[in-house]
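I opened the model with a notebook beside it and wrote down what I looked up, entry by entry. The entries follow in that order.

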Amino acid sequence: MFILRFFLLSVLSASSVHAHQASTAFLTGKIGDDSILQVDLQLRLFDLERAIGIDSNHNGQVTWGELLQHKNEIVIYLKRHFSVEQNKQNCIVNIPSNWSIDSHYGEAYLSVPLNVVCQNPELFSIYYSAFMDFDSQHKLLINLNYDGQLVSKILANEPRFVVVNPASNSSLSTMVTFIVEGVVHIWKGIDHVLFLLTLLLTSVLVRVDGKWLPQPSTRSALKQSALLASMFTLAHSITLTATALKWVVLPSYWIELGIAFSVAIAALNNIWPMVRQISLLVFVFGLLHGMGFASVLAELLSDGEALPVLIVIAFNIGVELGQLVIVLLALPVLLVLRGRTWYPRWIMSTSSLGIAATACFWIIARS
């Protein structure tokens with residue numbers, strides 16, 4: 001009981017308003033045959049303000065004039081935290097002055113063009129450490145076009161560099177990158193985790209004459225858990241694929257709001273059952289969660305086009321593996337506790353109430 005309650009409290013305490021949004025920077029562009037990388041480095045203005053203090057009048061809004069006022073400081077900061085190395089020698093990084101403003105997830109980004117001159121276009125290392133000293137979750141999402149092929153990398157806090165070899169860019173390495181990212185995303189996507197836990201809380205119980213009773217056997221509990229997890233998997237796989245391939249396009253605002261509602265309704269349904277066909281409820285809400293997964297995947301590529309099928313499949317596999325780990329950790333504990341008389345009232349009900357309260361906070365904040 002202590003382990004389960006500690007786990008739930010940890011999840012709730014880590015919750016945020018925008019469960020999918022994280023501190024990210026983007027490096028996009030192309031690798032030319034002339035050994036020049038023509039790229040744009042896009043940095044969130046919020047992160048620049050925390051690192052340098054570019055909001056001169058401290059009014060909470062960064063203007064273009066304030067960016068120009070701190071231009072030299074930004075250049076110095078970039079040269080300190082971004083470099084490209086080849087054969088143990090630094091490549092030449094030129095920073096032209098034609099900066100601009102871009103947007104991701106409704107947040108403003110400063111787009112800085114970079115011309116990186118190396119000895120040849122093969123096998124170089126990108127070093128990047130901006131914002132990581134005060135935000136260990138910060139990432140640089142790298143998407144480079146080389147000879148018609150997309151080279152995608154994700155640079156995180158540990159280590160603070162990636163090796164890029166365009167000539168030997170393989171489908172396997174790309175798949176591994178996005179499988180790992182899919183696993184990481186569902187573990188950090190608190191709303192997805194809470195929705196899954198909400199389903200598992202009652203999967204080991206059965207409703208009889210208005211009361212929650214333990215499933216008569218471990219086999220029946222496992223069968224019910226497998227059914228709900230499978231319905232959730234099937235649903236979010238459908239919409240993840242359809243949304244990522246641009247077959248379905250919905251505003252992220254409504255998707256995020258809908259996901260928050262799904263968590264609240266599922267949790268309240270545990271306490272006051274309104275929907276008897278739980279598997280149908282899970283399938284419908286799973287469609288929303290799949291769109292949420294796809295919006296994150298689109299941000300990882302950040303090119304505005306339909307995503308390559310290989311990357312969609314890899315990310316989906318990662319999501320399923322991450323989900324499976326959560327089920328394997330939580331379900332054995334719930335199977336042991338299901339026979340305790342206090343489980344339905346104190347563990348299941350109070351946990352569901354806490355999850356519902358968290359989801360209601362998301363609904364208000366995302367509206």
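## Sheet and neighbouring helix

I began with strand β3 (residues 82-86) and strand β8 (residues 124-128), which pair in the antiparallel sense over four bridges; two strands pair if DSSP finds at least two bridges between them, and strands (E, at least two residues) and helices (H or I, at least four) are DSSP runs numbered from the N terminus. This is a predicted model, so I noted that local features need pLDDT of at least 70 and side-chain atom pairs count only at pLDDT 80 or more, while totals for chains, interfaces and linings use all residues. Residues are numbered from 1 along each chain as its sequence is written, and side-chain values use heavy atoms, with hydrogens and water left out.

Within this pair, I found Ser83 opposite Tyr127 in β8. I then looked up how α4 sits here: α4 packs on the sheet, touching β3 and β8, where contact means heavy atoms within 4.5 Å, and its direction makes about 35 degrees with that of β3 (axes are lines fitted to C-alpha atoms, for helices over the stretch in contact, and angles run from 0 to 180 degrees between N-to-C directions).

The open sheet has four strands in the order β4-β3-β8-β11, with antiparallel pairing. I recorded β4 (89-90) and β11 (161-164) as the edges, each with a single partner strand, so one side of each has no neighbour in the sheet.

## His81

I next checked His81, which lies in helix α4 (residues 71-81). His81 counts as buried because its relative accessibility is 11%; buried means under 20% relative accessible area, exposed over 50% and partly exposed in between, with a 1.4 Å probe and protein chains only. Its side chain makes a polar contact with the side chain of Ser129 at 2.8 Å (a pair of N or O atoms within 3.5 Å; within protein, one must be able to donate a hydrogen and the other to accept it, and residues adjacent in sequence count only if both atoms are side-chain atoms). Not counting residues up to four places away in sequence, I listed Tyr127, Tyr128, Ser129 and Ala130 as touching His81.

## Cores and α6

Of its 39 residues, Phe195, Val204, Val263, Tyr343 and Trp362 touch the most other members. The largest share, nine residues, comes from α6.

For α6, I found 14 of its 14 residues buried. The expected span, 1.5 Å times one less than the number of residues, is 20 Å for the 14 residues of α6, and the end C-alpha atoms are 20 Å apart, which agrees. Leaving aside neighbours within four places in sequence, Phe195 is in contact with Phe232, Ser262, Val263, Ala266, Val282, Phe285 and His289. Apart from this core lies another, of 38 residues, including Val39, Leu41, Phe82 and Cys91.

## Backbone checks

Most residues other than glycine have a negative phi, and most peptide bonds are trans. I therefore noted Lys88, in the loop between β3 and β4, as exposed at 79% relative accessibility, with a positive phi of about 65 degrees although it is not a glycine. The peptide bond from Glu158 to Pro159 is cis, with omega near -5 degrees, and Pro159 is in the loop between β10 (149-155) and β11.

Terms used:
A nonpolar core is a set of buried Ala, Val, Leu, Ile, Met, Phe, Trp, Tyr and Cys residues joined through side-chain atoms within 4.5 Å.
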